[in-house]
Amino acid sequence: MPHLTRFSCSMFFCLGITLAGGTSRAVAQGDLVVDLSEKVVAITTGFVGSSLLLFGSVEAPGEIVVVVNGPRTDVVVRRKERVAGIWMNRSQMEFSRVPAFYAIASSQPLESIVPAEQRERLQLGANYLHLPATDPTTPLDEIQKFRDALIRGRQRQELYQATPATVTFVGGKLFRTDIWFPSTVAVGTYRVDVYQFRAGSVANVRHTNVSIRKTGAEAEIYEFAHSRGLAYGILAVLIAVMAGWLANLMFRRT
Amino acid sequence: MQIYLPIAEMSVNILVILGMGGVVGLVSGLFGVGGGFLMTPLLIFIGIPPAVAVATEANQIVAASVSGVLAHWRRGNVDFRMGVMLLIGGIVGSAFGVWLFTLLRELGQIDLVIRLSFVVFLGTIGLLMLWESTRTILRRRQHIPTKHHHHNWLHGLPFKMRFRKSRLYISALLPLTVGLIVGVLSAIMGVGGGFIMVPAMIYVLGMPTSIVVGTSLFQIIFVTANVTVLQAATNYTVDIVLALLLLIGGVVGAQIGARFSNRLPGEQLRGLLALMVIAVCIKLVFDLIAVPVDPYNIAEALSL
């Protein structure tokens, strides 16, 4: 038994050394350290959107690009056309795994930091997002029109954002930027990628996550509505009947 | 003052919602319509997802109608016998309507069908009511006596029943059929159906206007309660926070409306409702023919 304990002790010791070594090597290379002001955005009763502070430091000079990707869902885009004077949906296209949120911020205009082929490879900018149409037989220019409309629609809702030159340096080594989530933001895990570019190529990259979730009464109501829909519906009707009756009672007395 | 809605997943201004509830509640108590034909477009207009707007509105109409019925019942303005007959037809009709809704959705174009049926029904009913009430008002001024109700082939149908409150002796088939048709339409259009029911009761059944309002509200309670439970169980689209805000404004408005409706003469009441119905209709027509901001629109893909 004592032998076993000593063995596991040394195991932990070794592991500790490895971890510490890994960390110190990263710092020694120097490069890029990032963190967020909060790891969880809580959606509560008063939620009107939320702003997060992303901050970090660099050892060597270079430009910073921050990309935030929301959870992915399948999306249908429909196009209206005029038929006999009336606008009606005539055609539609389905896109799979479309991010519900996409924000990109950088310390300089993106075009001056990152060459086009790099932007395409790393999917930097909404126009470079891989958004495959579910039906591959559609003509390419048609797909492009629907893709543009999808991005345009999301931009109108502030769910897709491109804010060049909003990553600001404090001194030479510290940088910061604000990430804005509007109140219509979807719940889920958001991936944050921070790139450092030097001479048009990636010098460093760091990933972190932020979780957006409902808390308190909001979360409980949502959970109840989705897990026991029938009971929720009956309760909603009972509350409505009670409210109607109460209002009547109050008005009769006055 | 903003509040986050857990099911709609967005934040809204509390005062805007309370105000909307109050105004629509007033209309509801005044005319005996649930108000869904006004509230549902308004909710969509402020950005609530249409599926949530339709389901939550049904829930709110339950409260407004209960409040309204109690107020009318105290004044003896509810014909329960007629209400039950309409309701039986309504339940059968709405079951058929839900089936039809699903079919139309599978074929696509459900949105267009909803809008077009609103335009057709609101337009027809609004113009008919406006014409009729104007004629009555003009005749009264010229002291031309009006007949209480006309006798036609509808009064020759079998299974006659006496509706004492409505002072009618007509076939039970008439209210059953009216309820059935209104049930189908209300399931497709996502409203209580009062704006169709009220004119049908006046012009087809020949009921007195004072009884129509309370009886229509009585029937609407059950139709919308049914819709609320079905929507909550199948689509999870009833937002109870939004419904509560709407009904706080709505029940108060409905009470005030019910008081006014006893003071205003019937034909003026009908004329007012007609103008409101026509206004909503014109707005819908405009939306259908105006060039959209963006011809493309985005929706979550339905996972089947």
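**A loop and its surroundings**

Reply: Start at A:P71, which sits in the loop between β4 and β5 of chain A. Keep in mind that this is a predicted model. A:P71 has 15 C-beta neighbours inside 10 Å, so the residue counts as partly exposed. Being buried would take 20 or more. Leaving aside residues up to four places away in sequence, A:P71 touches A:A100, A:A186, A:G188 and A:T189.

β4(A) covers residues 63–69. Its partner β11(A) covers residues 188–198. The two pair antiparallel, over 7 bridges. One pair to find on screen is A:N69 with A:R191, its bridge partner in β11(A). Two of the contacts of A:P71, A:G188 and A:T189, carry numbers that fall in the range of β11(A).

The β4–β11 pair belongs to an open sheet of 6 strands in chain A. Read across, the order is β2-β12-β11-β4-β7-β8, with mixed pairing. β2 (40–43) and β8 (160–163) of chain A are the edge strands. Each has a single partner strand, so one side of each is left without a neighbour in the sheet. Ignoring direction, neighbouring strands are turned by 15° against each other on average.

The domain assignment of chain A gives domain 1 as 32–214 and domain 2 as 215–245. The C-alpha centres of domain 1 and domain 2 of chain A lie 35 Å apart. Each of the two domains puts 6 residues into their contact. On the domain 1 side, β2 and β12 (201–214) of chain A each give two or more residues. That side of domain 1 divides into 2 nonpolar, 2 polar and 2 charged residues.

β5(A) covers residues 72–83. This strand reaches across to the other chain: 5 bridges join β5(A) to β5(B), and the two strands run antiparallel. A:R79 stands opposite B:Y296 there.

Chain B brings 44 residues to the contact and chain A brings 48. On the chain B side, the elements that supply at least two residues each are β1 (2–5), β2 (10–13), α3 (50–74), α8 (209–234), α9 (240–263), α10 (266–289) and β5 (296–300). α3(B) gives the most, with 9 residues. The chain B side holds 32 nonpolar, 9 polar and 3 charged residues.

Last, the partner chain as a whole. Chain B has 10 helices and 5 strands. Its C-alpha atoms fill a box of roughly 55 × 40 × 40 Å along the principal axes. A compact globule with 304 residues would have a radius of gyration near 19 Å, and chain B agrees, with 19 Å. Buried residues make up 52% of chain B. Take the contacts in chain B between residues at least 6 apart in sequence: 80% of them join residues at least 24 apart.

Notes. Residues numbered from 1 in each chain as written. Chains lettered and ligands numbered in written order. Predicted model: local features only at pLDDT ≥ 70, side-chain atom pairs only at ≥ 80, totals over all residues. Contact = placed C-beta atoms within 7 Å. Helix = DSSP H or I, 4+ residues; strand = E, 2+ residues; numbered from the N terminus. Nonpolar A, V, L, I, M, F, W, Y, C, P; charged D, E, K, R; others polar. Pairing = 2+ DSSP bridges. Axes fitted to C-alpha atoms, helices over the stretch in contact; angles between N-to-C directions. Rg over C-alpha atoms; globule rule 2.2 N^0.38 Å. Buried ≥ 20, exposed ≤ 12 C-beta atoms within 10 Å, placed from the backbone. Domains from an automatic or database assignment.
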